[in-house]
Amino acid sequence: MSLRDRVKKALSKPSPYGVDIDISSYIIEEPQVFERSVEESVESKIGMRPSISQYLQLGQMALYKLIEKSLEKYGVKVVPLRVAIEKFDLARDLAWRLVDPDTDKYTALTYLYGGELGYFVYVSPEVKVPTPIYTCLVLRAERRAMLAHNVVYVDYGAEAHVVTGCTIPHGVKGGLHVGISEFYVGRDARLTFSMIHSWAEGLHVRPRTAAKVAEGGEYVSYYMIYSPVSSIQLFPRTILDMGAKLYAASVIAGRVQGNYDIGTKAQLEGTGSSAELVSRVVAFEDSKIYARGYIEGLAPESRGHIECLGLLASPNAEISSIPIVTSRNPQSILSHEAAIGIIAREEIEYLESKGFTEDEAKSIIIRGFMNIEAPGLPDMVKAQVKRLIDHIARAGVQL
Amino acid sequence: MCVDDRVVVRNVYLDVSCGEVHVILGPNGAGKTSLLSAIMGLPRVRVCGGTIIFGGEDISGVPAYERARRGIALAHQFVPVIRGVKVANIVKHIIERYGGGGYENILDILDVKHLMGRYLFHGFSGGERRRLELYLTLLQRPKLALLDEPDSGVDVDSLKLIAEAVNYAVRSWSTSMILVTHSGAILDKLYDVTRTHIMIGGQIVYSRDLEATRVVLSRGYIEGLKVLGVSLQ
């Protein structure tokens, strides 16, 4: 069976995790690419001005600026993947290499109908990109599917921060977002990838991400979702070669009746590779959250640790914490810890005795709980994360 | 003072002036912790009779957070573990509330700097727990510090540091203290003890200077009180 036939068949293949979505009910617009800059007021939601974004996708319309001089002089390329596939052999070689198009119906849909919208980022060897590379994905109309496919390649010895904000304008309540992302971190290279999601009720989100980190490379992933959503399911996979490192942080604030199924998988394939997966989950209202972590130890001297902490902030909410460690090498050291709790009365009373009201005490606990210090995050991302956590903590007290 | 409907502390009169250190000695279950909880305004203890005056004002009906803001701080004997919330985070909030600066000495004396990146009280040794709780208490720069068994379950090195911090706060900031202890382990290391009270069965049965009360530490509460001429009903 040809690849295309296999992928077509996969259009009916559900994901093993998360709510199954009827993808046929969404409208997919004709993919379009424009080379120009745009302004759109999304800053309040994702803390990123589209004007500083090197790539902006509105639904199935990709808009990108000419590469800024500051990045161009370093040899950094940021272009829609569709353009990159036409122009560069490398992009053609890398696309769909880490994520199989027939993985499930969402990858299949993107492969067949996405038109390879999404961004391609290439960072030349030894380049330390001094400013973050911003990309922005906005689903802009009801009942539409936004399909994005991103490829990032950080060549050997290089360092880059890619920041992606995903959002939806006020008033748009239904839709499907599928984002396929493939990250390649070269030998002794470093990639920090921050993704901040602000969606809405009625929206289904299915990111499909895989990363490969070469010898001595380092990949830091920071993921945050703080908005209501109908359902979101992601389980990104990272393959680590010799001495490579992964630090993956997920911060999830579950809202309304959202179904959040969010995990990270690490495959320690190289000697001395390591992974640390950290998640902080707060479930408000009627939300349901699955926090997954999976580390597979395949090589000697590899190390992995999963930390899943959950806070149940509503009697109607639900959290399932599912850390799994699998060792296939006796010299691989793996561990995990998972705990789910509530904000205990004694914790509040303790903080009250330190001079804080009940609301302030709850806010301090939620804020502190969600604050993960992922190594090497750009200052702007840190500031935005802090602002959002403050917002979540304030809102959380009132729920 | 009542817990639920049970009277746990009665007929207690304590008058603590600025910079004074009052020690309350007593066996387990004597009502010492309940007394401090009532002064702090913790909801588990209710004032069912009498008043608590602080700075000339009746604060008996004032909630705990307001008492803290007025200058009362409690170093709890039992502290909650708050997973996911780092010590540095709590420190930051307390400094924001009470003003920063001038706390470095206490930080050094109590040797708690290395705990800042840890979750609050999670996996702490007894000494670390007591030292950090005292640090957070003194960080409030209280006018009156209530120290609940600061010498319980700590090693000799931690005990020395805790006593040093108490002495520093009293001498440098004129902080008043009510220090509760059942073992009295810390007493020899304190410079200024204004008065010592012995509490039994929810009542203060004897108040005098430290020297006079040492006999209960050497001979036990029952025999020591007999020596002091106190008869227990």
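**View 1. Three domains are assigned in chain A of this predicted model.** Domain 1 spans 27-231, domain 2 spans 235-342 and domain 3 spans 344-399; these bounds come from an automatic or database domain assignment. Residues are numbered from 1 along each chain as its sequence is written. Local features need pLDDT of at least 70, side-chain atom pairs count only at pLDDT 80 or more, and totals for chains, interfaces and linings use all residues.

**View 2. Here domain 1 of chain A meets domain 2 of chain A.** Each of the two domains brings 25 residues to the contact (heavy atoms within 4.5 Å). About 2,000 Å² is buried between them, with carbon and sulfur atoms giving 51%; buried area is the accessible area (1.4 Å probe) that two parts lose on being put together, summed over both. Look for A:Val213, A:Tyr223 and A:Ile225, which supply 21% of the area that domain 1 buries against domain 2, more than any other three residues.

**View 3. One salt bridge links domain 1 and domain 2 of chain A.** A salt bridge is a side-chain nitrogen of Lys or Arg within 4 Å of a carboxyl oxygen of Asp or Glu. A:Lys212 pairs with A:Asp241 in a salt bridge whose closest N and O atoms are 3.5 Å apart.

**View 4. Two strands of chain A, S11 (203-213) and S12 (218-225), each give two or more residues to the side of domain 1 that touches domain 2.** Strands are DSSP runs (E, at least two residues), numbered from the N terminus. The largest share, eight residues, comes from S12(A).

Terms used. Chains are lettered from A and ligands numbered from 1 in the order in which they are written. Side-chain values use heavy atoms; hydrogens and water are left out. Helices (H or I, at least four residues) and strands (E, at least two) are DSSP runs, numbered from the N terminus.
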